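I opened this notebook to keep track of what I looked up, one topic at a time. My entries go from the sheet to the helices and then to single residues.

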Amino acid sequence: LKMKGCMYILRCANGEYYTGSTNDLQKRLEEHNNGIACNFTWKHMPVELIYTEEFSTVEKAFHREKQIQKWSRKKKEALISGDIELLKSLAKNHTDFKKDSIQKLLPGL
């Protein structure tokens, strides 16, 4: 039986976001706030849990963590606030930007 996984976002004392994943959220939060989870949150304690998503496995949660870590702050904030329209628009803008950049590099596409 596989354990469930959780992807989470913390707001650190310095205002930065930290994205992680775990199979035991309560234990992991205690580790973050006791300074034993990771160097980044240790330097910026205390941390506050502001967003979670649950997954059927910790591997899926880890995959989602890695995806969100690449996102801009604006996109993370749209996710956290549940603003799906803004999230879609930011995702669309990002895709358009990449496409436009490629076309500038490779005219004729």
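Below are my entries on this predicted model.

**Sheet.** I began with the strands, and I found that 3 of them form an open sheet in the order β2-β1-β3, with antiparallel pairing. The edge strands are β2 (17–22) and β3, each of which pairs on one side only. On average, neighbouring strands of this sheet are turned by 20° against each other, if direction is ignored. I reminded myself that strands of a sheet pair through backbone hydrogen bonds, either parallel or antiparallel.

**Helices.** I then looked up what lies across the sheet strands. Helix α1 (residues 25–33) lies across β1, β2 and β3 and runs at about 30° to β1, while helix α4 (residues 73–81) also lies across β1, β2 and β3, running at about 60° to β2.

**Cysteines.** How many disulfides does a search of the whole structure find? It finds 0, and for cysteine 12 I could note why: its sulfur is 7.6 Å from the closest cysteine sulfur, that of cysteine 38, which is too far for a bond, since a disulfide needs the two sulfur atoms within 2.5 Å. Cysteine 12 counts as buried, because its relative accessibility is 4%.

**Threonine 57.** My last entry concerns threonine 57, which sits in the loop between β3 (47–55) and α3 (58–69). Is threonine 57 buried or exposed? With 14% relative accessibility, threonine 57 counts as buried, and its side chain reaches the backbone nitrogen of lysine 60 at 3.1 Å.

Definitions and conventions
Residues are numbered from 1 along each chain as its sequence is written. This is a predicted model: local features need pLDDT of at least 70, side-chain atom pairs count only at pLDDT 80 or more; totals for chains, interfaces and linings use all residues. Side-chain values use heavy atoms; hydrogens and water are left out. Buried means under 20% relative accessible area, exposed over 50%, partly exposed in between (1.4 Å probe, protein chains only). Helices (H or I, at least four residues) and strands (E, at least two) are DSSP runs, numbered from the N terminus. A polar contact is a pair of N or O atoms within 3.5 Å; within protein, one must be able to donate a hydrogen and the other to accept it, and residues adjacent in sequence count only if both atoms are side-chain atoms. Two strands pair if DSSP finds at least two bridges between them. Axes are lines fitted to C-alpha atoms, for helices over the stretch in contact, and angles run from 0 to 180 degrees between N-to-C directions. Contact means heavy atoms within 4.5 Å.
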